[in-house]
Amino acid sequence: MEFIRSFFRTTKVFFTICFFYLKLIFIYLSRWYEPSLRTKGSYNHAIVVIGDDHALGVGDYSTITAGSGIAHKLSKELAKEVSIRQSWQIFNRGEYKTSTEDWLLPADSKRLEKPELLARLLQDPKYLRAEIVIIMLGSYDVLQRNPSLTPQDTLRNLELICQALKRTGKEGKSIYLCTIPTAGDDIYLTEQQRVDKLARNRLIEEYVKKNDDGVLPGLQIDLASNFEMKRKNLYWQNGRHFSEIGYTKMAKDWVPVIRPDMVKREFALFRSDLGL
């Protein structure tokens with residue numbers, strides 16, 4: 001009897017893992033299909049979402065032809081906005097299990113094997129015309145070993161990333177930095193790791209409040225700063241990644257944050273074309 005129960009547990013784990021990686025494959029394949037997600041008007045704008053699993057959309061429903069995460073859900077929410085009158089494309093450039101160290105420029109990284117994610121992004125034509133960048137990054141910093149990353153290292157890395165984004169691409173772009181999700185930390189992290197995660201979020205909040213690099217506050221998606229994120233149905237079955245409901249809620253929360261920015265940019269482009 002015990003053998004049968006063990007067999008079923010092993011089989012369940014096996015299929016759960018297979019299902020997870022199948023979802024991950026769909027998420028990456030959906031990047032091949034990036035049509036104009038917003039089709040109002042003849043003027044074109046772009047938004048890019050970068051970061052780790054939470055930017056990528058792990059835990060969300062996805063198919064090969066339908067995107068996932070904030071990029072996909074935000075596009076659907078903006079389509080309902082009558083104040084948005086021009087065309088906006090939203091591109092998902094999240095990467096699975098990446099830390100802030102993985103997103104540094106090679107010259108800024110302490111690793112022997114230099115990261116290339118940010119260098120490749122800065123050459124991406126879709127990024128080069130982006131007027132808004134959303135950053136959801138830092139969840140894996142607490143788990144890094146080589147090199148290990150302190151909360152201060154995380155902040156410094158984010159500063160370097162934001163500065164590089166500001167220097168490259170469309171002039172005057174807006175960069176929004178989110179806090180680091182903390183759901184599931186009580187299960188997956190040690191007490192010291194949880195303390196360090198909270199310290200990272202405090203440093204991020206102080207950084208965007210000072211606004212030295214012109215970085216704007218994104219959504220607070222950690223449990224300590226936003227009590228609305230404590231609902232269990234916002235998370236996938238592992239308790240860490242957001243569910244389809246969670247990504248939809250965040251997309252709705254993003255709309256009032258970036259809508260004034262988008263309207264301002266649409267009006268500026270319209271005035272420029274009229275020579276006003």
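Student: Is the crossing of H6 and H8 left-handed or right-handed?

Tutor: The crossing of H6 and H8 is right-handed. A crossing is right-handed if the near helix is turned clockwise from the far one by less than a right angle, and left-handed if anticlockwise. Keep in mind that this is a predicted model, where local features need pLDDT of at least 70, side-chain atom pairs count only at pLDDT 80 or more, and totals for chains, interfaces and linings use all residues. Residues are numbered from 1 along each chain as its sequence is written, and side-chain values use heavy atoms, leaving out hydrogens and water.

Student: Okay, and at what angle do H6 and H8 pack?

Tutor: About 40°, with the axes of H6 (residues 151–167) and H8 (residues 191–210) 8 Å apart. Helices here are DSSP runs (H or I, at least four residues), strands are runs of E (at least two), and both are numbered from the N terminus. Axes are lines fitted to C-alpha atoms, for helices over the stretch in contact, with angles from 0 to 180 degrees between N-to-C directions.

Student: Which residues in H6 meet H8?

Tutor: Among them are Leu 155, Leu 158 and Cys 162 in H6, while H8 brings residues including Ala 199, Leu 203 and Ile 204. Contact means heavy atoms within 4.5 Å. The residues of this H6 and H8 contact divide into eight nonpolar, two polar and three charged. Ala, Val, Leu, Ile, Met, Phe, Trp, Tyr, Cys and Pro count as nonpolar, Asp, Glu, Lys and Arg as charged, and the others, Gly among them, as polar.

Student: What about H3 and H9, how do their axes cross?

Tutor: The axes of H3 (residues 69–78) and H9 (residues 244–274) come within 8 Å and cross at roughly 60°. That makes H3 oblique to H9 (under 35 degrees is roughly parallel, over 145 roughly antiparallel, 65 to 115 roughly perpendicular, and the rest oblique). The crossing of H3 and H9 is right-handed.

Student: New topic: where is Pro 147?

Tutor: Pro 147 sits in the loop between strand S3 (132–136) and H6. A cis peptide bond joins Asn 146 to Pro 147, with omega about 0°.

Student: And what is the phi of Lys 97?

Tutor: Lys 97 has a positive phi of about 55°, although it is not a glycine. You'll find Lys 97 in the loop between strand S2 (87–94) and helix H4 (117–121). Most residues other than glycine have a negative phi, and most peptide bonds are trans.
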